[in-house]
Amino acid sequence: MVENYGGSITRQSNLEERKIKEIEHSRIRRQILQGYERCSDTNRLEEARNLDILIRDKAAFKRHFANTKYYSITRQSEMFIDAWLRRKCSTGVKVLDFACGNGENGLMAAKYGADVTGIDISPEGIENARANAIEAGVGENCTFEVMDGENMTFDDNSFDLGIEYGALHHVDLDRAMSELSRVLRPEAQMLCVEALRHNPLIHWYRRLTPHLRTQWEYEHILGVESVEVMRKYFKQVEVNFFHLAALAAVPFRKTALFRPLRTLLDGIDRVVLQNQTLGKYAWIMIVELRRSAE
């Protein structure tokens, strides 16, 4: 049974079991960390501001966010996301932050002037997102609602842009893509940022850390074949791969060696991951979607 947190998901005992487990898992995480997960365990020069406040339980953070250290090397993908939003967001552009979590992606879009609506099945995530938007000074540009991403209540053709980060392996991909294509306008574009399952070492780590994710999440990490599901609903699909060699820099993230080492390994990745065969062994893929053909 899901409590009423002021959103559209209220005391729904008819939710699928997998969704209830996702809400319960998210509740633990969102109560520990208010936001900015991707820059919460990195080089001291790149950590989120007010991290001591954002992390509400430091002991629990070490257990439930043990994998955040790997985000210390995601500079290249973060720069890609930021540049994409900067090019496409402006005053009046309506952005959907799908499965927004603590709202970080929506805040990036809002800082470029967009009107952002973020949805998430987690009431705690929505509470955090609202607080983070106010603290970031973009509260007037952001609306966050509790909502099931597979059954959105928006009208057809509601949004100009969409963005999601690490959410598609939490949902039924086909159902989510169908809903996203419905609520995005014909000329709309979307950015999907997702982990990949093909690298055996990365997937071995996931198997060894079951407390960091639900069973559904583990079993539905995306593969390159998932792109074909996206092609059913979007006319243009372009895939970019990130972070393979750069993972070797993670153990050095608290040292002065980290940033030059990461720069060197990022350069190797830019060359190696252009090859689609090798690219699928990267950690992250970013998929650019467009509803209509250019």
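Contact is taken here to mean heavy atoms within 4.5 Å, and helices (H or I, at least four residues) and strands (E, at least two) are DSSP runs numbered from the N terminus. The structure is a predicted model, in which local features need pLDDT of at least 70 and side-chain atom pairs count only at pLDDT 80 or more, while totals for chains, interfaces and linings use all residues. Residues are numbered from 1 along each chain as its sequence is written, and side-chain values use heavy atoms, with hydrogens and water left out.

The buried residues of helix α5 pack against α4, β1 (94-97), β2 (115-120), α6 (123-135), β3 (142-146) and β4 (159-165); buried denotes under 20% relative accessible area, exposed over 50%, and partly exposed the range in between (1.4 Å probe, protein chains only). These buried residues are Glu-104, Asn-105, Gly-106, Leu-107, Met-108, Ala-109 and Ala-110. Because 7 of its 8 residues are buried, α5 is largely enclosed by the rest of the structure. Just after this helix, Gly-113 adopts a positive phi of about 100 degrees.

The packing of α4 and α5 (residues 104-111) is at an angle of about 40 degrees, with the axes 9 Å apart, where axes are lines fitted to C-alpha atoms, for helices over the stretch in contact, and angles run from 0 to 180 degrees between N-to-C directions. That angle makes α4 oblique to α5, given that angles under 35 degrees count as roughly parallel, over 145 as roughly antiparallel, 65 to 115 as roughly perpendicular and the rest as oblique. The crossing of the two helices is right-handed, a term used if the near helix is turned clockwise from the far one by less than a right angle, with anticlockwise being left-handed. At this crossing, Ile-81, Asp-82 and Leu-85 of α4 meet Asn-105, Met-108, Ala-109 and Lys-111 of α5.

Since Phe-80 belongs to helix α4 (residues 75-88) and Phe-242 to strand β6 (residues 236-242), the pair ties together parts that are 162 residues apart in sequence. Phe-80 is partly exposed at 22% relative accessibility, whereas Phe-242 is buried at 11%. Phe-154 and Phe-159 also form an edge-to-face pair, their ring centres lying 5.0 Å apart and their planes at 85 degrees; Phe-154 is buried at 14% relative accessibility, and Phe-159 is buried at 4%.

Two arginines lie over aromatic faces, Arg-18 over Trp-216 at 4.5 Å from the ring centre and Arg-38 over Tyr-165 at 3.8 Å, the criterion being NZ of Lys or CZ of Arg within 6 Å of the ring centre and within 35 degrees of the ring normal.

In the loop between α1 (17-32) and α2 (51-54), Asn-43 is buried at 6% relative accessibility and, leaving aside neighbours within four places in sequence, is in contact with Arg-253, Thr-255, Phe-258 and Arg-259. Asn-50, which is found in the loop between α1 and α2, has a positive phi near 60 degrees although other than glycine, and is exposed at 52%. His-243, in the loop between β6 and α11 (258-272), likewise has a positive phi, of about 75 degrees, without being a glycine, but His-243 is buried, with a relative accessible area of 2%.

Methods:
Rings of Phe, Tyr and Trp (its six-membered ring) pair if their centres lie within 6.5 Å; planes under 30 degrees apart count as stacked, over 60 as edge-to-face and the rest as tilted.
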